[in-house]
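Please brief me on how this chain is packed, with the cut-offs behind each term stated where the term is used.

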Amino acid sequence: KLDITPDDPRWIGAWWGGFLLCGALLFFSSLPMFGFPQSLPPRPDHAGESEQAMLPERDYERPKPSNGVLRHALDGESSTTCFQQLRVIPKVTKHLLSNPVFTCIILAACMEIAVVAGFAAFLGKYLEQQFNLTTSSANQLLGMTAIPCACLGIFLGGLLVKKLSLSALGAIRMAMLVNLVSTACYVSFLFLGCDTGPVAGVTVPYGNNSAATSSLDPYSPCNNNCECQTDSFTPVCGADGVTYLSACFAGCSSTNLSGCSCLTSVPAENATVVPGKCPSPGCEEAFLTFLCVMCVCSMIGAMAQTPSVIILIRTVSPELKSYALGVLFLLLRLLGFIPPPLIFGAGIDSTCLFWSTFCGEQGACALYDNVVYRYLYVSIAIALKSFAFILYTTTWQCLRKNYKRYIKNHEGGLSTSEFFASTLTLDNLGRDSVPQNQSHRTKFIYNLEDHEWCENMESVL
């Protein structure tokens, strides 16, 4: 029987309960999917035909007309093997990534997800170290505040895009604004935290705060006979206001945490310790402010997801939408979910002040420098958000300079009046007071792809 409570740093709890609950919810939510047919029946109206007519014709969709006569494809030509389909993947991927708007939006989405994957992954640990919270309390607070706010932000982002009827330029402006506001929230985190405080043998010497820091050592003559171990970190707060790595390192000789020989600055009868770190002044107020700012930051930061997807869909051809989304999710997992936790973890480990040891080998970090931890941890997130803003700005510049080149089908296409100027006739040609530099009032545009060479110029005319 272990005489510890959830307030003890060694308490782990039922960490597997969340996985069982999420797995059960996923299983039962998937059951209704079996009620759907293998393929949806075709609609009886002609909406599909009109929609198909709007799609750009490709070699793999229908044969090109030659001399005004539509050639019917043979049965052998319409069927493609799996190998032939795989050969197209590199070409289509190169075609998508050569689009600067598509590439910048995907990289910006990766940076946004990287902040979530890296910052949120260690946020529970961050709250424990900065605000002296227990593991269970930190995770419960995150689950009740940050996650619901992020879900609300995704909903509000989609609602704003729909209500405001944002174009691609409007969506990218919204993403830039949201990114700036959320980055400002992250900057405020640099000033919301608690110091490490005095820790005997780690940040301050035993019994003498004015000694040189080079003489710091957890082992002291006052605890040499205690045979203290560094395989676990069970901090205690002494009556002198100094935190000790454990009651053993404080030189306590009894199980009631009294008679601690290392507390030399207080009378012997008052040489007692209590479990936990010594509280820092103003830490509770800083935590409440941090929690409020975190809720706002989660909600606002999540509002950029819907505009990003909208721009991504509008910048590719209709027949490539599904593949473009596949490329998006692939890069999100490769760039947004794998490297960031490693980068954040390496940065956090570099701020460690005291490592636990197991049989002479280095174990987990027992104590961090809270100030350096906070600055480095938040600065990595700010750097990722800033890089995302640069990518958003690049996308905005590309769309602003050449909107119709990058936006496909949904908006910004050439209208009938742009193809043929209705006010221009052969009779008044040359008689209008139109500047000479506007000689391209009547346009005839024919997009000739590499694989769409016309067999006869008459078909073009």
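This is a predicted model: local features need pLDDT of at least 70, side-chain atom pairs count only at pLDDT 80 or more; totals for chains, interfaces and linings use all residues.

Residues are numbered from 1 along each chain as its sequence is written, and side-chain values use heavy atoms, with hydrogens and water left out.

**Overall makeup**

- The protein chain holds 17 helices and 5 strands, where helices (H or I, at least four residues) and strands (E, at least two) are DSSP runs numbered from the N terminus.
- Of its 461 residues, 35% count as buried, a term that means under 20% relative accessible area, with exposed being over 50% and partly exposed in between (1.4 Å probe, protein chains only).
- Among contacts with a separation of 6 or more, 69% come from residues 24 or more positions apart, contact meaning heavy atoms within 4.5 Å.

**Aromatic pairs**

- A search of the whole structure finds 15 aromatic pairs; rings of Phe, Tyr and Trp (its six-membered ring) pair if their centres lie within 6.5 Å, and planes under 30 degrees apart count as stacked, over 60 as edge-to-face and the rest as tilted.
- F119 and Y186 make an edge-to-face pair, with 5.1 Å centre to centre and 85° between the planes.
- Because F119 lies in helix α5 (residues 100-119) and Y186 in helix α9 (residues 168-189), this pair ties together parts that are 67 residues apart in sequence, and both F119 and Y186 are buried.
- Y126 and F290 form a tilted pair, at 5.8 Å centre to centre with 40° between the planes.
- With Y126 in helix α6 (residues 123-131) and F290 in helix α10 (residues 283-302), the pair ties together parts that are 164 residues apart in sequence; Y126 and F290 are both buried.
- Ring pairs link a cluster that includes F119, Y126, Y186 and F290, along with F131, F189, F287, F344, Y368, Y373 and Y377.
- R400 lies over the face of W396, at 5.0 Å from the ring centre, where a charge sits over a ring if NZ of Lys or CZ of Arg is within 6 Å of the ring centre and within 35 degrees of the ring normal.

**Nonpolar cores**

- The largest nonpolar core has 78 residues, and those with the most contacts inside it are F119, F189, F290, Y377, Y392 and L399; such a core is a set of buried Ala, Val, Leu, Ile, Met, Phe, Trp, Tyr and Cys residues joined through side-chain atoms within 4.5 Å.
- Helix α5 gives the most to this core, with 13 residues.
- A second, separate core of 24 residues includes Y206, F233, V236 and F354.

**Helix α6**

- Helix α6 is mostly covered, with 7 of its 9 residues buried, namely L123, G124, Y126, L127, Q129, Q130 and F131.
- The cover over these buried residues includes α5, α7 (135-144), α9, α10, β5 (361-368) and α14 (370-401).
- After α6 comes N132, whose phi is positive, near 55°.

**E112 and its surroundings**

- E112 is placed in helix α5 and counts as buried at 11% relative accessibility.
- The side chains of E112 and N179 are joined by a polar contact of 2.9 Å, meaning a pair of N or O atoms within 3.5 Å in which, within protein, one must be able to donate a hydrogen and the other to accept it, while residues adjacent in sequence count only if both atoms are side-chain atoms.
- Leaving aside neighbours within four places in sequence, E112 is in contact with N179, K385, A388 and Y392.
- On the same terms, Y392 has contacts that include E112, N179, I105, A108 and A304.

**Strands**

- Strand β4 (residues 352-358) runs antiparallel to β5 and is joined to it by 5 bridges; two strands pair if DSSP finds at least two bridges between them.
- F354 has L367 in β5 as its bridge partner, and in the β4 and β5 hairpin, with 2 residues between the strands, C359 takes a positive phi near 55°.
- A separate listing gives 3 strands in an open antiparallel sheet, in the order β2-β1-β3, whose edge strands β2 (243-244) and β3 (273-275) each pair on one side only.
- Strand β1 (residues 236-238) pairs with β3 over 3 bridges in the antiparallel sense, and V236 has P275 in β3 as its bridge partner.
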